2 protein chains.
Amino acid sequence: MNIFLNFASILLYLVAQCQGSGTDIALDAKATLLHRIDSLNLLIYTCLLTLTVLTIWVFKHRRVSWLHETGLAVIYGLIVGAIIRYAASTNQVTYINVHPAPETKYNLSVPPDMLRLHFPDKMMSSGDVPVPNKTYAYSFRGEIVNVEQNEIDLKATFDPEIFFNIILPPIIFHAGYCLKRKYFFRNLGAILTFAMVGTALSALVIGSLMYGCVQLMPASLASSFTFLDTLYFGALISPTDPLTVLAIFSQLKVDVNLYAMIFGESVLNDAVALVLSGAIQNYELRYSNDGGFEITAFLGAIGDFIGIFSLSLLVGALMGYKSNDSLTTVYMTKFTHVREWPLLESALFVLMSYAAFLIAEVCELTGVVAVLFCGICQAHYTYNNLSSDSRNRTKQLFELLNFLAENFIFTYIGVSMFTFPKHHFDPWFIIAGFVTSVLGRAVNIYPLSFLLNLGRNPPIPMNFQHMLFFSGLRGAMSFALAIRNTVSEARQAMLTTTSLIVIATVVLQGGAATHALAYLRIPTGESSGNDENDALPYRDVRSLYQATDSAGPDTPRDHGDGATGQKARLARLWGAVDSKLLKPLLTHARPPLTETLPGFMRPLARVLTTTHQYTQGDNTLRRTDSDSDLCIDEQHPIPTSIDPQLSINVRNGYGHV
Amino acid sequence: MNIFLNFASILLYLVAQCQGSGTDIALDAKATLLHRIDSLNLLIYTCLLTLTVLTIWVFKHRRVSWLHETGLAVIYGLIVGAIIRYAASTNQVTYINVHPAPETKYNLSVPPDMLRLHFPDKMMSSGDVPVPNKTYAYSFRGEIVNVEQNEIDLKATFDPEIFFNIILPPIIFHAGYCLKRKYFFRNLGAILTFAMVGTALSALVIGSLMYGCVQLMPASLASSFTFLDTLYFGALISPTDPLTVLAIFSQLKVDVNLYAMIFGESVLNDAVALVLSGAIQNYELRYSNDGGFEITAFLGAIGDFIGIFSLSLLVGALMGYKSNDSLTTVYMTKFTHVREWPLLESALFVLMSYAAFLIAEVCELTGVVAVLFCGICQAHYTYNNLSSDSRNRTKQLFELLNFLAENFIFTYIGVSMFTFPKHHFDPWFIIAGFVTSVLGRAVNIYPLSFLLNLGRNPPIPMNFQHMLFFSGLRGAMSFALAIRNTVSEARQAMLTTTSLIVIATVVLQGGAATHALAYLRIPTGESSGNDENDALPYRDVRSLYQATDSAGPDTPRDHGDGATGQKARLARLWGAVDSKLLKPLLTHARPPLTETLPGFMRPLARVLTTTHQYTQGDNTLRRTDSDSDLCIDEQHPIPTSIDPQLSINVRNGYGHV
């Protein structure tokens, strides 16, 4: 930790150097100093991540389950944040007040992008060396709310936009890429209900309750919050991030349907909350003139929400298809040996996925939502067309990026508790935030589960509902939304409350997850996760849960028909469209379109079918279509089980195993 | 390409929106606009890279060898740059002149970091809505040299520091990571001579010649260049980047010694040129008061060069060892099954490598040099300790990063020719730059080869010297150095000349490389590169070249002794230190230190040796030590041949194959 002491001495040394002879040299030294402070900040986080990795290693060895890597990252972040705050020297920023030159003509209502300062101008320079007058450019930074506060801190903080443009995209893409599994589609109804309806409901309930609480508080605080502010808080605190819980689930081999529900909901509610908060802000900015409620503006905000969400979804899905398409085009023109260059394949894959994010951002949509659905599509279609080398490569790349980004953001949450200058601790608001976020989660889960159980064939049992409620940890998305805007006191109080909720839920709730599982008597299949006998724990779990599969895994040939009989309607519909139309069209998977489309469309189908699809054997088929990859635990992927759709194809006579 | 037309209309629409009612909303819209322009810029480059990838694919299929991917990236960049320049609308930046407030007291010789503007203050706002006065912060941007030029362009350009902090590190690390091979160490003498002495010589010759040329030019130009300026130009144009040539080499299976010399030199001369240019700048800034020559200042600059280079090297090497060390520590404490978590291993590997870069930057050293030597060390030591999954993962990750970064920088060179606002076209300077850079390369290669041949057992033949001369393509490092500082007219002329030299050499020289090989009658072993018979082409090549190996690859058991007899002294010395001291100390490789250290150091040796080292069999030894991995062509790695050092160990009785 002596790096921080060195830091202080370097700073002092360099500030001393800054007062050297020529202005140019001093400016140069200053630029160097700033660059080094940036490097030092990055170095601090790099060291923290390294420390986290090493500790996780020890924890994995000792089978410590009460602290996940994200919890660890938060705790390390808090410790180092405290050290930076109290041990390192401060770096005072110099400033002066300026007035426009008398002759200035400027007719815009916005402040100019640039100021030009003639320095030292008429000011007296204390140095005895005469300093030449030069003109310097200053670029717009933002509004100064608190004019008295004259220190702008440079300590270990980043531009909040970094989270949205660099940290979140790989995390969200990876989540989408891992959604590729049949259990997700089988529970699609429940997942969509919890994520779409539940999140909106939760935001509304938290927003209303918080508004009520705020009104009961001291007048100074009450006046600074509008209903839209508290609603915004509701939207940003609603998305869940149950990383810790899911890590324990995959370790303990908890029921896959429960896993799919919690994971699927958490992935989708991030997207919903992001768009929802954007719609609330738009409402605030564009529609409301007096802060009151207007029905047309409200409908406009809802339109905004639906429009942005579905257009972003479309952009992401299109880019996913497009990237599959360009791969397919390359293959179709008989360049089948391009698979020899997995580097090009992976580069294309990464570039197209990032392009989805950027296109959405350029079109004023939500890049994160686009990248999520791009990930889902890539996993569902493109993945099957990649060479096995590229599959591994892209999977490992995104796994690594996700790991680093996730731990970075949790480290940053810890560090910023101490170093971010715009925290506002308000005990009443914090207490109210904790209580309402718990209530919001309850409102999301229990009533919706009740409604879902009316239509669901195997209902969601009560202990699963409790576990869903318990998995309402808050994480990266809430924090990123809270830190994005900290101009007003209300927003600063929200940031502080959100940070504390994230830290508390990740460390405490995450740590208690194993006990919660035991207390709720949710069956776990601890036995083993190896290639040979992984079917075993799942059979146990299924039989306890009365799962949708009637056929056990020991009779895989009948599995397909047995499953389709009881499958949720939504999943069945999707499965049919997907296996008969989308997959053959977009990938090399069988059956060819010529056999699935009605007779009158045969000519079209023939054009769209590759020779590869006609000629490939069943082994290729089995190998290339890995739609049932579970991807629950990246380190120990559970190997491909027999996919119902595949089994159907096989039984229908297209092949013979 | 209709994206650019859309771009223009979006801009117009949004600028119109900016003049809306409230200042807050207008500011918000402006921030959104800036964010979208950033996204659009990134999207342009993402699309360009995608296009490059797709075209390369086609080229690889058609075996097009006259245009490498970097050349393609440059050409696409030029086309798109021209379109952006002439088709898209401009985005005018608003600015006003300001004066300090009358009461300001400020006693530093540097301009302040921040300005505070009370807006609209006394200015008349043209809007009929009364705008409230607010205070805005403006942050320091830089000096305005040309006060008349009032447009600061936002078109598709990036902060030059991005190249040094984000783009170059992965490229350089990957280069260092690929240097891990015996042919590099066997030609170490020649490589170091060309890279260290040759680059300095080339910089001096180019600098002097350019100074002479500049004196003959019109007076306006002559006066703006000092000798230090032209010397700086010499330093930045000296490093070579023969990517295209090397790609063709590995395709055509050209002699590995020639490959190692060209590749090794290009990797090291990047580092040398970077430190050299830093030393010249330091000389300029700190030592010279009147621009004249001072012997003490000159010696100081040389001291700077040596000090910064060796300290950066030390930081990189230490971090390489350290990361190996922490892995070893984890293993040594009997956590041997931590290898089950390759994700953690790879994350640690990436973090430690990046930490090397950051530590060097924080210590005012050169991060790029540190990351280069970190890469070399990681490849040499840590690589052997990684699990095979992590090896693949890290290798593929850096391969992909390197590919994307490299193509991005070449695309940017193309685009910035048209969009970067600080180009200064001076035909005389450009012509002089082309001529002197060719002469500088000649001065580097021919005299030094002559001197080397006096001491070298198998001399460097004349056609190899011509090929070394021909491989003097300029690339990423020259461009990054040139674009870093463009304040004066002299520096802007240097940037333009450097960009043109890079584009010309990459496209033309790179395209002619195959013909040059044929013209110079350099033997190529086109036959095959497969696992089974890859020894064949190399034997042919070696017999033609009278290589350092007397023993052919068909007698690998004798290879070790035969080779050591004729090996270069430097390589032999290094090999002994490495295999007897460094490797056993830092990795699990055999022989254990207890057998290589003299008797009186046995107790120390016993402490430093792992049980794994005592107990491991020879198969493990052969498998884990892949020091002779050639890594010439990442897509078709040539498999491990027998390493001479290993053979020695085996024959000395430590094992038995």
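Chain A contains 27 helices and three strands. Helices (H or I, at least four residues) and strands (E, at least two) are DSSP runs, numbered from the N terminus. The model is predicted: local features need pLDDT of at least 70, side-chain atom pairs count only at pLDDT 80 or more, and totals for chains, interfaces and linings use all residues. Residues are numbered from 1 along each chain as its sequence is written, while chains are lettered from A and ligands numbered from 1 in the order in which they are written.

Of the 657 residues of chain A, 49% are buried. A residue is buried if 20 or more other C-beta atoms, placed from the backbone, lie within 10 Å of its own; it is exposed if 12 or fewer do, and partly exposed in between. Contacts require C-beta atoms, placed from the backbone, within 7 Å. Among contacts in chain A with a separation of 6 or more, 77% join residues 24 or more positions apart.

The largest nonpolar core has 299 residues, and A:Ala356 and B:Ala356 touch the most other members. Such a core is a set of buried Ala, Val, Leu, Ile, Met, Phe, Trp, Tyr and Cys residues joined through C-beta atoms within 7 Å. Neighbours within four places in sequence aside, A:Ala356 contacts A:Val315, A:Gly316, A:Met319, A:Ala370, A:Val371 and A:Cys374. Another core, of 16 residues, lies apart from the largest one; A:Ile96, A:Tyr138, B:Val98 and B:Phe140 are among its members.

In chain B, helix α4 (residues 161-178) packs on helix α13 (residues 367-385) at about 30 degrees, with the axes 7 Å apart. α4(B) is therefore roughly parallel to α13(B). Axes are lines fitted to C-alpha atoms, for helices over the stretch in contact, and angles run from 0 to 180 degrees between N-to-C directions. Angles under 35 degrees count as roughly parallel, over 145 as roughly antiparallel, 65 to 115 as roughly perpendicular and the rest as oblique. The residues of this contact comprise 14 nonpolar, four polar and no charged. Here Ala, Val, Leu, Ile, Met, Phe, Trp, Tyr, Cys and Pro count as nonpolar, Asp, Glu, Lys and Arg as charged, and the others, Gly among them, as polar.

A second pair involves helix α6 (residues 188-216) of chain B and α15(B), whose axes come within 8 Å and cross at roughly 145 degrees. The contact of α6(B) with α15(B) has 14 nonpolar, seven polar and one charged residues. B:Asn444 lies in helix α15 (residues 427-455) of chain B. B:Asn444 is buried, with 29 other C-beta atoms within 10 Å. Residues up to four places away in sequence aside, B:Asn444 touches B:Phe194, B:Gly198, B:Leu201 and B:Ser202. B:Leu468 is 24 residues from B:Asn444 in sequence and 9.7 Å away, C-alpha to C-alpha.

Helix α17 (residues 476-484) of chain B is largely enclosed by the rest of the structure, because eight of its nine residues are buried. These include B:Met477, B:Phe479, B:Leu481 and B:Ile483.

Two loop residues have positive phi. B:Glu364, between α12 (342-362) and α13 of chain B, has phi near 60 degrees. B:Glu364 is partly exposed, with 16 other C-beta atoms within 10 Å. B:Arg521, between α19 (513-519) and α20 (535-545) of chain B, has phi near 55 degrees. B:Arg521 is exposed, with 8 other C-beta atoms within 10 Å.

Notes. Contact = placed C-beta atoms within 7 Å.
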